[in-house]
Amino acid sequence: MRIVIGLALLAALATATAAKADPCKAIPDRGPMPSYLHRGAHFSGPVVYVGDGDSLCVAVGQGPANWVEIRLKDFYAPELHSPTGPAAKAALERLAIVNAGIKTGQAPV
């Protein structure tokens, strides 16, 4: 029995895919927050990336170093790895990106 469980775990680990890194880099994982992004700050820009059904990136400047991740508050969307996750991401893309005329994953021109 332990061998079967061990083999199943090994197979799951071998077929697992690495998560894609967050391309929105304006807010650092560690260190100080940029001064222009203080709590309550207002900013605007085009949506340049949709991560899943409840998070996206807004460009406040050129390149991913100036993309701000936005997480939709009080909004439930299934995780990307769940069966309905890709549909949730596609729905947010239609709302945020397609309506703005920008293709997914491409920075504004």
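Cys 24 and Cys 57 are both buried, where buried means under 20% relative accessible area, exposed over 50% and partly exposed in between (1.4 Å probe, protein chains only). This is a predicted model, so local features need pLDDT of at least 70 and side-chain atom pairs count only at pLDDT 80 or more, while totals for chains, interfaces and linings use all residues. Residues are numbered from 1 along each chain as its sequence is written, and side-chain values use heavy atoms, with hydrogens and water left out.

Those two cysteines form the one disulfide of the structure, with S to S at 1.3 Å; the cut-off is a pair of cysteine sulfur atoms within 2.5 Å. The torsion about the S-S bond of Cys 24 and Cys 57 is about -50°, so the disulfide is left-handed. Cys 24 sits in the loop between helix 1 and strand 1, and Cys 57 in strand 2, so the pair ties together parts 33 residues apart in sequence.

Here are the strands (DSSP runs of E, at least two residues, numbered from the N terminus; helices are H or I, at least four):

| Strand | Residues |
|---|---|
| Strand 1 | 47-52 |
| Strand 2 | 55-59 |
| Strand 3 | 67-71 |

They make an open antiparallel sheet in the order 1-2-3, pairing being called when DSSP finds at least two bridges between two strands. Strand 1 and strand 3 stand at the edges with a single partner strand each, so one side of each has no neighbour in the sheet. Five bridges join strand 2 to strand 3, and Ala 59 stands opposite Trp 67.

Asp 54, in the loop between strand 1 and strand 2, counts as buried at 9% relative accessibility.
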